[in-house]
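Please keep the sequence and the structure in view while reading.

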Amino acid sequence: MFQFAEIDKHHPYAKVTYTLSAIVTVFGRIFPDLSKGRFSTSAVVLMILLTFIKIAGMASILGKSITPLVLFLSGTLTAILSLIDMFQYIIIASVIISWIIMLAQVMHPLMDLITQMAEPIVAPFRKITPNLGMFDFSTLVAILALSLLEIIIRIIGGNILHMLT
């Protein structure tokens, strides 16, 4: 998400995150970044692999067998839904932070980081929502669109997985 939002590597909180996520650079040699470095293919692949491991581990603990196709589909769906959830949480956090900034007149570097992360998600919706002065409905439209996308993916993915099991 930091790469997607083009967050400066010298930001006080971004330094820690970039350091902790150094394992992604190992995968970066195998899976190159896309969109001039904004989309980390290696981070997505690592997230999906970890989701596969989690699902296979849970199935093993519960004593259930899982076919590779079902593992692939459920892991991919789970990873996509987790990403959509993360986008929604970032948008909600940025809205709350904007209220805090407006009321308290305080800006913390962490607040700046969260609003920067939300901007690439909300920016496309600003183009289609009307400008109503100080009211920004693009965040509401973004959350509704992500919720709708999540519902569609859950319905279609659930039906496909139900057919395979």
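Predicted model: local features only at pLDDT ≥ 70, side-chain atom pairs only at ≥ 80, totals over all residues.

Just after helix 4, Q105 adopts a positive phi of about 55 degrees.

The interior may be considered next. In soluble globular proteins, nonpolar side chains tend to be buried together. Here the largest nonpolar core has 20 residues, and those that touch the most other members are I7, I90, I91, M117, I121, L146 and I153. Two or more residues of this core are given by each of helix 4 (68-104), helix 5 (109-126) and helix 6 (138-164). Of these elements, helix 4 contributes the most, with seven residues.

Rolling a probe the size of a water molecule over the atoms shows where empty space is left. The second largest pocket holds about 600 Å³ of space. It is lined by 19 residues, of which V95, S98, W99, D136 and T139 are the closest to its centre. Helix 4, helix 5 and helix 6 are the elements that give two or more residues to this lining. The largest share, seven residues, comes from helix 4.

A pair of aromatic rings is described by the distance of the centres and the angle of the planes. How many aromatic pairs does a search of the whole structure find? The search finds one. This pair is formed by F52 and F72, with 6.0 Å from centre to centre and 50 degrees between the planes, and it is tilted. Because F52 lies in helix 3 (residues 41-62) and F72 in helix 4, the pair ties together parts that are 20 residues apart in sequence. Are the two partners buried or exposed? F52 has a relative accessibility of 16% and so counts as buried, being under the cut-off of 20%. F72, at 47% relative accessibility, counts as partly exposed.

Helix 3 also contains G57. At 28% relative accessibility, G57 counts as partly exposed. Between G57 and I90 there are 33 residues of separation in sequence and 29 Å in space, taken from C-alpha to C-alpha. I90 is one of the residues that touch the most other members of the largest nonpolar core.

Notes
Residues numbered from 1 in each chain as written. Heavy atoms only, no water. Core = buried A, V, L, I, M, F, W, Y, C linked by side-chain atoms within 4.5 Å. Buried < 20%, exposed > 50% of the residue type's maximum accessible area, 1.4 Å probe, protein only. Helix = DSSP H or I, 4+ residues; strand = E, 2+ residues; numbered from the N terminus. 1 Å grid on protein atoms, 1.4 Å probe; cavity = no way out; pocket = protein on both sides within 12 Å on 5 of 7 lines; lining within 4 Å. Points joined across faces, edges and corners; volume = space filled by probe spheres on them. Phe/Tyr/Trp six-rings, centres within 6.5 Å; stacked < 30°, edge-to-face > 60°.
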